[in-house]
Amino acid sequence: MNRTMLLSFPCHPDLKRIVVLNPKGGSGKSTLATNLAGFLTSSGYPSALMDFDPQGSAMRWLQNRPAARPEVFGVNACRRGNSMTRSFQLQIPQHIRYVVIDTPAALQVQDLVEFTRGAHAIFVPVLPSDIDIHAAARLMADLLIVAKVSRRMGRLGVVANRVRDNTLGYRKLKRFLDRLSIAMTGNLRDSQNYIHAADQGISIHEMQPSRAGKDIESWKPITAWLEARLGTRLTPRDLYQPNSVSADRCPRTSSLAPAGARSGGVRPASGPARSSGPAA
Ligand SMILES: Nc1ncnc2c1ncn2[C@@H]1O[C@H](COP(=O)(O)OP(=O)(O)OP(=O)(O)O)[C@@H](O)[C@H]1O
Ligand SMILES: [Mg+2]
């Protein structure tokens, strides 16, 4: 990865950076990142989603997002073009105060240093399997020792992902984090709702509570932790909008903005994002 000015771009001086990383593939980075961006924006905090992964999962989620939903501002950090400077390509409009950064698998140690520098919150999703816990041990060492992410500052939030209650894997992950004195910020169930949310470009919080209630509930410790980290009130509320285009019935493409139209484009925040306004 070209590390020149990896995270240097014009933005509001108070922009809060939320980074999601884990070099282990398939741990849930894009799932966590898109759900965070959707949650923040639809809670009234216009947010950007920056995708550093050439696979473009976060950008795909953005393209699936219904036009009726509050807009998440997309930045495709992998796109290379000669026509604009790198910092222009990554710039974030001044009205946006939160950026969620999705990172690719197989990040090198030096990339970890770059991505965590100046980050206000660092989320690490980990699957509760032996292989993933083993890889996480290496990652934690790199974060604590090389990237100097101090445990005392509390920027590090580990999220157990695809958890099936009280399995051996989950208990092992918990024990592993306890030994390192790293708190588990939350755990997300293995749930088809995440697959549906990704297909529809929404966060789990924007789904019908009767369908995704358990998953919405599981986010409360995570958003409470983020609230403490960012000093922003993020009280989860019912973000499902039965009177607008139903998220659960939304067609995948027909009512959506054309692919790429929003990536790097600016559209004023609408819906709840405008009415409640950012606190920052
Ligand atoms: N809690 C969950 N329940 C069910 N499926 C999940 C959950 N979290 C992630 N998934 C699914 O697992 C797959 C991998 O998740 P995701 O793409 O978020 O991982 P990633 O870490 O971003 O992967 P990569 O390293 O390839 O970028 C996806 O198909 C996603 O929908
Ligand atoms: Mg991904």
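Which residue in β7 stands opposite V163? In this predicted model, the residue opposite V163 is R189. The pair belongs to the contact between β6 and strand β7, which covers residues 184–189. These two strands run parallel and are joined by four bridges.

**Strand β6 and its other partner**

β6 also pairs with strand β5, residues 121–126, again in the parallel sense. Five bridges link β5 and β6, and P125 stands opposite V159 of β6. Helix α5, residues 130–146, forms a right-handed β-α-β unit together with β5 and β6.

| Partner of β6 | Residues of partner | Bridges | Sense |
|---|---|---|---|
| β5 | 121–126 | five bridges | parallel |
| β7 | 184–189 | four bridges | parallel |

How many of the eight residues of β6 are buried? Eight of the eight are, so the strand is largely enclosed by the rest of the structure. A residue counts as buried here when 20 or more other C-beta atoms lie within 10 Å of its own.

**Ligand 1**

The shell around ligand 1 holds 20 residues, and the closest are G25, K29, S30, T31 and A105. The elements giving two or more residues to this shell are α1 (29–42), β6 (156–163) and α7 (192–200). By class, the shell has 10 polar, six nonpolar and four charged residues.

How values were computed:
Residues numbered from 1 in each chain as written. Chains lettered and ligands numbered in written order. Predicted model: local features only at pLDDT ≥ 70, side-chain atom pairs only at ≥ 80, totals over all residues. Near = placed C-beta within 6 Å. Nonpolar A, V, L, I, M, F, W, Y, C, P; charged D, E, K, R; others polar. Buried ≥ 20, exposed ≤ 12 C-beta atoms within 10 Å, placed from the backbone. Pairing = 2+ DSSP bridges. Right-handed = clockwise from strand over helix to strand, strands pointing away.
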